[in-house]
Amino acid sequence: MTQIFTVTDLNQRIADRLENDVRLHDLWAQGEVSNYLHHRSGHRYFTLKDQGSSISCVLFKGSALSLNFELTDGKNVMVFGDVAV
């Protein structure tokens with residue numbers, strides 16, 4: 001029989017997989033910034049992309065305060081963080 005998940009259950013299963021994989025913590029990734037949004041909350045949202053793929057990212061206000069440059073679309077960056085849902 002096919003199991004039907006609620007959205008909450010599905011997100012929890014995804015989070016459990018991602019957050020229990022030590023390879024997805026304290027990692028570096030490199031790519032180009034696109035769809036950059038500096039939200040009024042102070043958080044910064046953007047897509048990190050390369051020629052073959054993209055991933056949604058958030059830079060929380062506390063960490064953003066220590067940036068010594070301005071994020072902009074098209075900027076090539078190296079980011080450090082964790083993968084999470």
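Okay, let's start with Arg44 and its contacts, where contact means heavy atoms within 4.5 Å. Leaving aside neighbours within four places in sequence, Arg44 touches Tyr36, Leu37 and His38, then Cys57, Val58 and Leu59, and also Ala64, Leu67 and Glu70. Before I go on: this is a predicted model, where local features need pLDDT of at least 70, side-chain atom pairs count only at pLDDT 80 or more, and totals for chains, interfaces and linings use all residues. Residues are numbered from 1 along each chain as its sequence is written, and side-chain values use heavy atoms, with hydrogens and water left out.

So where does Arg44 sit? Arg44 is in strand S2, residues 44–49; strands here are DSSP runs of E with at least two residues, helices are runs of H or I with at least four, and both are numbered from the N terminus. Is Arg44 buried or exposed? Buried, with a relative accessible area of 10%. For the cut-offs, buried is under 20%, exposed is over 50%, and partly exposed is in between, using a 1.4 Å probe and protein chains only.

Next, the aromatic rings. There's one aromatic pair in the structure. The partners are Trp28 and Phe80, in a tilted arrangement, 5.1 Å centre to centre and 55° between the planes. Rings of Phe, Tyr and Trp (its six-membered ring) pair if their centres lie within 6.5 Å; planes under 30 degrees apart are stacked, over 60 edge-to-face, and the rest tilted. Trp28 lies in strand S1 and Phe80 in strand S4, so the pair ties together parts that are 52 residues apart in sequence. As for accessibility, Trp28 is exposed at 57% relative accessible area, while Phe80 is partly exposed at 48%.

Last stop, the backbone. Which residues other than glycine have a positive phi? One of them is Asp26, with phi near 50°. Asp26 is in the loop between helix H1 (7–19) and S1, and is exposed, with a relative accessible area of 56%. Another case is Asn35, not a glycine either, with a positive phi of about 55°. Asn35 lies in strand S1 itself, and is exposed too, at 58% relative accessible area.

To wrap up, go back to the model and find Arg44, buried in the structure, then look for the tilted pair of Trp28 and Phe80.
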